[in-house]
Amino acid sequence: MIDFKIVHVDETDSTNRWLKENGEGEMVVVADFQTAGKGCGTNTWESERGKNLLLSVLIHPQKVTARTQFIITQIVSVALCNTLQQVMEPLTATLPPISIKWPNDIYVGDKKICGVLIENRLEGHRIKDCVIGIGLDVNQTEFKSDAPNPVSIKQLTGRDTDRDELLHLFLNQLQLAVENKGIHQDYKNRLYRRKGLYPFEANGTRFMATVVGTTDDGRLMLQNDEGIAHLYRFKEITFIIHGDA
Ligand code: BTN
């Protein structure tokens with residue numbers, strides 16, 4: 001069992017940055033508000049004060065190398081899906097599926113409920129520190145940022161969720177995912193757009209394809225409508241989601 005030290009802060013610029021500067025051992029930092037929350041790439045992460053789960057987890061995986069680091073993405077994504085499944089039970093039967101939009105956005109139907117930003121500090125081939133930043137939309141019901149398709153647990157279930165309880169559910173699910181020998185299959189089974197043909201865009205060209213799975217190094221495999229498979233790295237492929245231009 002990973003014994004995390006949990007620190008709550010009212011406000012910080014970014015929990016990922018806070019943990020990189022102040023973290024030691026196995027540690028979790030949770031904030032009520034971030035003044036400069038980081039999203040993927042150059043994006044920012046907006047979240048109403050006190051409404052959502054904003055956390056970062058510091059781990060020092062002994063067996064994971066730079067080459068195998070995609071396993072962390074798989075573990076965290078599956079743990080988040082299982083947490084959401086647990087917290088929205090029994091309503092999940094009537095809700096759209098909870099899935100992973102490759103590599104690690106968590107979706108309910110065609111809407112994003114959670115974003116993940118993993119920042120690894122390497123030492124040679126080893127991962128010295130791994131900071132896993134998670135922004136999970138919990139009790140917020142209005143989104144003012146230009147994020148295209150956000151949704152929260154409250155919007156889906158109509159009720160408030162206790163953020164502390166949710167954090168503990170997630171840490172339990174994270175432990176289970178670490179021990180799960182079938183994690184790659186569970187990740188694959190949860191992939192968004194794995195059944196049916198959907199629009200994608202690569203190199204300025206749109207085409208119809210389905211998600212087949214991922215490689216060990218984290219590339220996405222799509223199969224187009226002619227049955228031809230192709231591998232893509234992050235940023236090489238865009239999912240065209242209903243309502244996008
Ligand atoms: C994404 O763009 O999808 C990733 C968003 C990650 C946001 C979380 S909120 C907690 C942690 N601290 C940050 O500054 N970012 C991550």
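I began with the UniProt record, an unreviewed entry, which places the feature "domain: BPL/LPL catalytic" at residues 1–182; UniProt positions are given in the numbering used here, feature names are shortened, and annotations may be inferred rather than shown by experiment. The end C-alpha atoms of residues 1–182 lie 19 Å apart, and I noted the span as 26% helix and 30% strand, where helices (H or I, at least four residues) and strands (E, at least two) are DSSP runs numbered from the N terminus.

**Basis of the values.** I kept in mind that this is a predicted model, in which local features need pLDDT of at least 70 and side-chain atom pairs count only at pLDDT 80 or more, while totals for chains, interfaces and linings use all residues. Residues are numbered from 1 along each chain as its sequence is written, and side-chain values use heavy atoms, with hydrogens and water left out.

**Overall form.** I counted 5 helices and 12 strands in the protein. The radius of gyration of the protein is 18 Å, close to the 18 Å that the globule rule gives for 245 residues, so the protein is as compact as a globular protein of that length; the radius is taken over C-alpha atoms, and the rule is 2.2 Å times the number of residues to the power 0.38. Along its principal axes the C-alpha trace spans about 50 × 45 × 35 Å. Of the 245 residues, 46% count as buried, that is, under 20% relative accessible area, against over 50% for exposed and in between for partly exposed (1.4 Å probe, protein chains only). Of the contacts (heavy atoms within 4.5 Å) between residues at least 6 apart in sequence, 56% join residues at least 24 apart.

**I113.** I looked next at I113, which is found in strand β6 (residues 111–123) and counts as buried at 0% relative accessibility. Leaving aside neighbours within four places in sequence, I113 is in contact with several residues, among them L84, I106, V108, L136, V151, I153 and L156. I also checked I113 against Y187: the two are 74 residues apart in sequence, and their C-alpha atoms are 17 Å apart in space.

**P150.** I then placed P150 in the loop between β7 (126–136) and α3 (153–157). Although P150 and K111 are 39 residues apart in sequence, I found them 5.6 Å apart in space, C-alpha to C-alpha. Not counting residues up to four places away in sequence, P150 touches K111, K112, D137, F143 and Q155.

**Cis peptide bonds.** I recorded a cis peptide bond from E89 to P90, with omega near 0 degrees, and P90 is found in the loop between α2 (70–87) and β4 (98–101). The peptide bond from W102 to P103 is cis, with omega near 0 degrees, and P103 is found in the loop between β4 and β5 (105–108).

**Positive phi.** I noted R193 as a residue other than glycine with a positive phi, near 70 degrees; R193 is found in the loop between α5 (183–189) and β8 (198–202), and is buried, with a relative accessible area of 9%. K235 has a positive phi of about 80 degrees although it is not a glycine, and lies in the loop between β11 (229–232) and β12 (238–239), where K235 counts as exposed at 63% relative accessibility.
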